[in-house]
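Biologist: I have a model open and would like to go through some local details. Can you take my questions one at a time?
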Amino acid sequence: MDWGMKNRYSRIIKPDDGRCVMLAVDHGYFLGPTEKLEVPQRTIKPLLPFADSLMLTRGVLRTSVNPSTNVPIVLRVSGATSIVGEDLSKETITTSIEDAIKLNASCLALSIFVGSKYEHQTLANLASLVDHGEKYGIPVLAVTAVGKEMVRDSRYLGLACRIAGELGAHLVKTYYCENFEKVVEGCPVPVIIAGGKKLEKDIDVLELTFNAITEGAAGVDMGRNIWQSEYPVAMIKAVRSIVHENFSVKEAYDFFVKEKKNEHKNTTIAR
Ligand code: R5P
């Protein structure tokens, strides 16, 4: 890795512990105004101080984040499909490398759809993005998006993560699954997890985070389970406590309960 690449990478994965809390708010790029992310600025602002990095599209970055922020940007640069369209896997690169540089992106993110109809296209997108990233010193995060018909098990996710690593991704995002260690073991670069759909109980989010970290994840790239929580600030703080401070599930949950009271108080005062 050259200096610029190393520098940007270390803004995403903290060199002190090799971990990261990435806040994902890119969902609108194919889902539209997702619940609790209808007005991105409103969702992002209170959470930003607790995020190591922010993952989003250029449209939301330009309109909803103050350019004076110090939080590193993970710019989603793939898309051009929608939840109501023909096939979600038919993604293309949507942002030029020049624009990503202008936006001071610390990392570029795109989805790959292994096993889907447009597998080849999305993997070729990844290879080409890595070439651009290498040229300008910007790391690439490959998001292993899962097509409707694919099973989220260690065999499939391990395959997708390994292919992403082989094509040169510097970081891979996937889902937690049974035998998650195998997914991590088979991937030549660090693996982080998405939270997925909102889980029923708050403690489930902490358990998911704890299990993933314990089984080798380098952190989280989490969205809905943070900002769809009734107490998003308390939740991101509790997730952080597991990722960066090695809290147990119980310690993190107790911390969440304490923080939740503060958040409730602050929200009530603000009203
Ligand atoms: C999905 O492709 C998006 O990149 C999301 O950023 C990702 O799924 C993480 O968000 P969540 O934790 O809500 O699943």
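Biologist: Asn 104 first: buried or exposed?

Modeller: Asn 104 counts as exposed, at 53% relative accessibility. Buried means under 20% relative accessible area, exposed over 50%, and partly exposed in between, with a 1.4 Å probe and protein chains only. Keep in mind that this is a predicted model, where local features need pLDDT of at least 70, side-chain atom pairs count only at pLDDT 80 or more, and totals for chains, interfaces and linings use all residues. Residues are numbered from 1 along each chain as its sequence is written, and side-chain values use heavy atoms, with hydrogens and water left out.

Biologist: Where does Asn 104 lie?

Modeller: In the loop between α5 (97-102) and β6 (107-112). Those elements are DSSP runs numbered from the N terminus: helices are H or I with at least four residues, strands are E with at least two. The phi of Asn 104 is near 60°, a positive value in a residue other than glycine.

Biologist: What about phi of Ala 80?

Modeller: That phi is near 75°, again positive in a residue other than glycine. Ala 80 is in the loop between β4 (78-79) and β5 (92-93), and counts as exposed at 62% relative accessibility.

Biologist: Changing topic. At what angle do α9 and α11 pack?

Modeller: About 25°, with the axes 9 Å apart; α9 covers residues 202-214 and α11 covers 232-245. The axes are lines fitted to C-alpha atoms, for helices over the stretch in contact, and angles run from 0 to 180 degrees between N-to-C directions. The two helices are therefore roughly parallel to each other; under 35 degrees counts as roughly parallel, over 145 as roughly antiparallel, 65 to 115 as roughly perpendicular and the rest as oblique.

Biologist: Which residues make that contact between α9 and α11?

Modeller: From α9, Asp 202, Val 205, Leu 206, Thr 209, Phe 210 and Ile 213; from α11, Met 235, Ala 238, Val 239, Ile 242 and Val 243. Contact means heavy atoms within 4.5 Å.

Biologist: And Gly 219, what is it in contact with?

Modeller: Leaving aside neighbours within four places in sequence, Gly 219 is in contact with Cys 20, Val 191, Ile 192, Ile 193, Ile 213 and Val 243. Gly 219 lies in strand β10, residues 219-222, and is buried, with a relative accessible area of 0%.

Biologist: Is His 27 buried or exposed?

Modeller: Buried, at 9% relative accessibility. His 27 has its place in the loop between β1 (20-24) and α2 (28-31). Beyond neighbours within four places in sequence, its contacts include Thr 34, Arg 224 and Trp 227.

Biologist: Now rings. How many aromatic pairs are there?

Modeller: The count is 4 aromatic pairs. Rings of Phe, Tyr and Trp (its six-membered ring) pair if their centres lie within 6.5 Å; planes under 30 degrees apart count as stacked, over 60 as edge-to-face and the rest as tilted. One of them is Tyr 29 with Phe 30, edge-to-face at 4.9 Å centre to centre and 70° between the planes.

Biologist: Why is the pair Phe 247 and Phe 255 edge-to-face?

Modeller: Because the planes of Phe 247 and Phe 255 are at 70°, with the ring centres 6.0 Å apart. Phe 247 is partly exposed, with a relative accessible area of 22%.
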